[in-house]
Amino acid sequence: MNIYLMIGILLNTALIVINRFIYKLPHKIQLPLLILGLVLIGIGAAQLGKLCR
């Protein structure tokens, strides 16, 4: 598995769990981090697709 893909999934999972069960994060902090996680997942998926071909 790609490192970018793993970091993106872990970042988004951690943010969702923290926001839901531990502490309600402000939108100014949560939204950029969620977008960063999605970008990392996209980069990891793109690299994984290039390796398989």
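A residue is termed buried when its relative accessible area is under 20%, exposed when over 50%, and partly exposed in between. The structure described here is a predicted model. In this model Leu-40 has a relative accessibility of 15%, so it counts as buried. Leu-40 is part of helix α2. Apart from neighbours within four places in sequence, its contacts are Tyr-4, Leu-5, Ile-7 and Gly-8.

The overall architecture is as follows. The chain holds 2 helices and 0 strands. Helix α1 covers residues 3–22, and helix α2 covers residues 27–52. The radius of gyration of the chain is 13 Å, whereas a compact globule of 53 residues would have a value near 10 Å. Along the principal axes, the C-alpha atoms occupy a box of roughly 40 × 20 × 10 Å. Of the contacts between residues at least 6 apart in sequence, 71% link residues at least 24 apart. Buried residues account for 21% of the 53 residues. The accessible surface of the chain comes to about 4,300 Å², and 75% of this is supplied by carbon and sulfur atoms.

Part of the surface forms a nonpolar patch. Its members are Met-1, Ile-3, Tyr-4, Met-6, Ile-7, Ile-9, Leu-31, Ile-35, Val-39 and Ile-43, and together they have about 910 Å² of accessible area. Both α1 and α2 supply at least two residues of this patch. The greatest contribution comes from α1, with 5 residues. One of the patch members, Ile-3, is located in helix α1. Ile-3 has a relative accessibility of 46%, a value between the limits of 20% and 50%, and is therefore classed as partly exposed.

Asn-2 belongs to the segment before α1. Its relative accessibility is 12%, which is under 20%, so Asn-2 is classed as buried. With neighbours within four places in sequence set aside, Asn-2 is in contact with Ile-43, Gly-44, Gln-47 and Leu-48. For one of these residues, Gly-44, the backbone oxygen lies 3.3 Å from a polar atom of the Asn-2 side chain.

Asn-19 is situated in helix α1. This residue is likewise buried, because its relative accessible area of 15% is under the limit of 20%. Beyond residues up to four places away in sequence, Asn-19 touches Lys-24, Leu-25 and Gln-30. The side chain of Asn-19 reaches the backbone nitrogen of Leu-25 at a distance of 2.9 Å.

Gly-42 has a relative accessible area of 38%, so the residue counts as partly exposed. The C-alpha atoms of Gly-42 and Tyr-4 are 8.5 Å apart, although the two residues are separated by 38 residues along the chain. Tyr-4 is also among the residues in contact with Leu-40, and it is a member of the nonpolar patch.

Technical notes:
Residues are numbered from 1 along each chain as its sequence is written. This is a predicted model: local features need pLDDT of at least 70, side-chain atom pairs count only at pLDDT 80 or more; totals for chains, interfaces and linings use all residues. Side-chain values use heavy atoms; hydrogens and water are left out. Patches are made of residues with over 30% relative accessible area and no salt bridge: like charges are joined within 9 Å, nonpolar side chains (Val, Leu, Ile, Met, Phe, Trp, Tyr) within 5 Å. Accessible areas come from the Shrake-Rupley method with a 1.4 Å probe; for residues, only the protein chains shown count as cover. A salt bridge is a side-chain nitrogen of Lys or Arg within 4 Å of a carboxyl oxygen of Asp or Glu. Helices (H or I, at least four residues) and strands (E, at least two) are DSSP runs, numbered from the N terminus. Buried means under 20% relative accessible area, exposed over 50%, partly exposed in between (1.4 Å probe, protein chains only). The radius of gyration is taken over C-alpha atoms; the globule rule is 2.2 Å times the number of residues to the power 0.38. Contact means heavy atoms within 4.5 Å. A polar contact is a pair of N or O atoms within 3.5 Å; within protein, one must be able to donate a hydrogen and the other to accept it, and residues adjacent in sequence count only if both atoms are side-chain atoms.
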